[in-house]
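Trainee: I have this one open for the first time. Can you walk me through it?

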Amino acid sequence: MLQIAELDLDTIDFDQCGTARGVDPIDVGALGPDRPGDAGVLALRPGPGGPPLTAGEVYVLVRLRGRPVATLTGTVPEGADPASALAALARERLRGTRPPAPERYGGLPRTSVVVATRERAGRLARALDSLLAQDHPDFEIVVVDNAPATDATRDLVEKKYAGAVRYVHEPVPGLAVAHNRGIAAADGAVLAFTDDDVIADPHWLTALSAPFADDPRIGCATGLILPARLTTPAQILLEGHGGFAKGFAPRTYDPARPPADEPLFPFTAGRFGSGANMAFRARALKAVGGFDPATGTGTPARGGDDLYAFVRILAAGHRLRYTPDALVWHHHRETPQDLRNQAYGYGAGLTAYLTAVLARRPALLPALLARLPRGLAHARAMTARREGGHGVPGQHGAHHHPWPRGLSRLERRGMLYGPLGYARARRQVRGLPLPWEER
């Protein structure tokens, strides 16, 4: 097992080309049948678009009956068959685990997939190819080109994907603004959002939209995010310290029954999911005003648009469903500076979204204050358990993946900046109408 505790950006030795010495890439793959319900022959495949798996360190998603149940990291010995070696490791790790019951999906609602992008046509094409391969019976794809500097995205969509993908232009910069433009353009009863740096599993949209058909009180659904590549130290470090995954246990968050293990619920929105893999009931999202345009990447707030929407949906009385069957593969940031920026953005987005929630819904302040004492005690207990801990890619859902000290310091600095960033962003979008209310 790879011990990530010893891997810190400040201690890695980089050569003049930026390559890290002594840090080997980890191959990414999936073990098990691809289709839900299949119990057939074990299959080992590389991650989407990745090279064939060979000897060395390997990170794999394990599927049972086609459904994601775990990730693990193992070493394939030189000369060994990778599928046999990893299957043996998986059997040992999952001993006693019951295979998941077959899922049945029926009556799926029409769903719109909104992808906001800016000047990343190459990555966008890869994402769109995966979205067009979805097995959902009734969906559309809307690309929102956010404050573009060139015509590259428009040309890609209108030439390569003409008739299959809709192009929408949003001149005001900011991820939340772009998402709101997508809400106005979309026609689905469910609105799914993902990023241009993901590859969606073919079953992703079906699994993500199914909760809305099963439960009329569901207002939001989120899914599983795994790394598409682990080739650079920054990518390995991010995944070793938690990544974006929220575990493999389906879970429903209900404001009528606050979870005992979430004392700050619903303000611990980062535990519910991430913006690269989320969906909302359209009428519920519009009813709470959509995304706060003063949050998100591309604004001074730096992030928090997804967390804001999660809390607003829960505060309105809707349930939120996390389902690991809804899988996307995410291309993590590649460079040390990318990861430093991400750590700072995490902190800024966290306090920016809290500021946004309280600014837009001051009535929630008493609930937050009432939860703070127990929430702080819970946080101290979690921190004590993490001391001396380490991150291991493949062990998600345990909630004990601390950042290295340098990234933690950056995250705390971002937290101090977040409210100020939100205030600046809000001044910039003052008077901006909601796109679906424009006349």
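Mentor: A term to begin with: a salt bridge is a side-chain nitrogen of Lys or Arg within 4 Å of a carboxyl oxygen of Asp or Glu. R154 and E158 form one, with their closest N and O atoms 3.3 Å apart.

Trainee: What kind of model is this, and how are the residues numbered?
Mentor: The model is predicted; local features need pLDDT of at least 70 and side-chain atom pairs pLDDT 80 or more, while totals for chains, interfaces and linings use all residues. Numbering runs from 1 along each chain as its sequence is written, and side-chain values use heavy atoms, leaving out hydrogens and water.

Trainee: Back to R154 and E158. How many residues apart are they in helix α3?
Mentor: They are 4 residues apart in that helix, which means a separation of about one helical turn. Helices (H or I, at least four residues) and strands (E, at least two) are DSSP runs, numbered from the N terminus.

Trainee: Is R154 buried or partly exposed?
Mentor: R154 is partly exposed at 30% relative accessibility, and E158 is partly exposed at 43%. Buried means under 20% relative accessible area, exposed over 50%, and partly exposed in between, with a 1.4 Å probe and protein chains only.

Trainee: How many salt bridges does the structure hold?
Mentor: It holds 19. One of them pairs R120 with D196, with the closest N and O atoms 2.5 Å apart. R120 is in the loop between β7 and α2 and D196 in the loop between β10 and β11, so this pair ties together parts 76 residues apart in sequence. D196 is buried at 4% relative accessibility, whereas R120 is partly exposed at 31%.

Trainee: Which residue meets D254 in a salt bridge?
Mentor: R217 does, at 3.2 Å from N to O. D254 lies in the loop between β13 and β14 and R217 in the loop between α5 and β12, so the bridge ties together parts 37 residues apart in sequence. Elsewhere, salt bridges with shared partners join R110, D138, E140, R166 and D187 into one network.

Trainee: Changing topic. How many aromatic pairs are there?
Mentor: A search of the whole structure finds 8. Rings of Phe, Tyr and Trp (its six-membered ring) pair if their centres lie within 6.5 Å; planes under 30 degrees apart are stacked, over 60 edge-to-face, and the rest tilted. F193 and F280 have ring centres 6.1 Å apart and planes at 70 degrees, so they are edge-to-face. F193 sits in strand β10 and F280 in strand β14, 87 residues apart. Both F193 and F280 are buried.

Trainee: Which residues join F193 and F280 in a cluster?
Mentor: F291 and F310, linked through ring pairs.

Trainee: How are the rings of Y253 and F265 arranged?
Mentor: Their centres are 6.3 Å apart and their planes at 15 degrees, so the pair is stacked. Y253 is in strand β13 and F265 in the loop between β13 and β14.

Trainee: What joins F265 and P266?
Mentor: A cis peptide bond, with omega about 5 degrees. Most residues other than glycine have a negative phi, and most peptide bonds are trans.

Trainee: Where is phi positive, then?
Mentor: E119 has phi near 55 degrees, and A147 has phi near 45 degrees. E119 lies in the loop between β7 and α2, and A147 in the loop between β8 and α3. A147 is buried, with a relative accessible area of 14%.
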